[in-house]
Amino acid sequence: MSRLRPLTDPDSFPALDPAFVHYRPAAGLSDDQSPPRILLPYGSLRARSYSRLAVEEAARLLWLFGAETRIFDPSDLPLPDQVNGDDHPAVHELREHAFWSEGMVWCSPERHGQITGILKTQIDHLPLSIGGMRPTQGRTLAVMQVSAGSQSFNTVNTLRLLGRWMRMFTIPNQSSVPKAYEEFDDAGRMKPSPLYDRIVDVMEELVRFTVLLRPHAEKLVDRYSERKETGRVIDPKKDISAIALSFP
């Protein structure tokens, strides 16, 4: 049983003006132009979930920009520690998708001024380290929120804090969709508006940062404390900085 949601109408963009689209926004940023792999969790289980509709729009754009996407359905995900050792198929699958990914899009409704427990549960099921492997460290992150009322940034601010805690590279741009119930049509597609245009901006930027950081991600998150913990000794003969400083 796969917990990935199928993406309907992946090549339909009624709110997008093709005259202004960069179909490969990361062109020229890296020699490696293989498709960026992006995981998109969302934060509501409602039948008409606006956070899900928002990530579906994001996934279509990412596909248009040359990325591979996976939208995780958290419907049967247990609470952290509810199952002994978190030994549950939904938890295992979520972690597999996290390891597969190079970047993520987190989208949550704002509820009581904060992210929902649905999205936090998904993040809480991604430990910083699993068997020496790290499912979030070094990955790029875009944050989005939908609101029932006026525009707010409480949720995206919290998501940024969580992204930093999970050792991810959160991109500068973000999306906040107020009165989300007015922004989607009966078919669940986002209407043309500056709010949709901002999601386009965010997905362009996510693709660029993912491709730009791809060849450097491992180096950027190389930490003394982790090398010490795992006994990974630095060979001074191969360490250019040590040679320059004349370390023995």
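**Close-up views: pockets and a cavity**

**View 1. The second largest pocket.** The second largest pocket holds about 230 Å³ of space. This is a predicted model, in which local features need pLDDT of at least 70, side-chain atom pairs count only at pLDDT 80 or more, and totals for chains, interfaces and linings use all residues. Residues are numbered from 1 along each chain as its sequence is written, and side-chain values use heavy atoms, with hydrogens and water left out. A pocket is an open set of points on a 1 Å grid over the protein atoms alone, with protein on both sides within 12 Å along at least five of seven lines. Lining residues have an atom within 4 Å of a point. Grid points are joined across faces, edges and corners, and a volume is the space filled by probe spheres set on them. Here 14 residues form the lining; Arg46, Tyr50, Pro109, Ser147 and Ala148 lie nearest the centre.

**View 2. The largest pocket.** Its volume is about 760 Å³. The lining has 26 residues, and nearest the centre are Gln137, Glu218, Lys219, Val221 and Asp222. Helices H5 (194–213), H6 (217–220) and H7 (224–230) each give at least two lining residues. Helices are DSSP runs (H or I, at least four residues), strands are E runs of at least two, and both are numbered from the N terminus.

**View 3. The largest cavity.** A cavity is a set of grid points where a 1.4 Å probe fits but cannot get out. The whole structure has one cavity of 30 Å³ or more. Leu39, Pro41, Leu94, Met104, Trp106, Gln122, Ile123 and Leu126 line the largest cavity. Strand E1 (37–41), strand E3 (103–109) and helix H3 (117–124) each give two or more of these residues.
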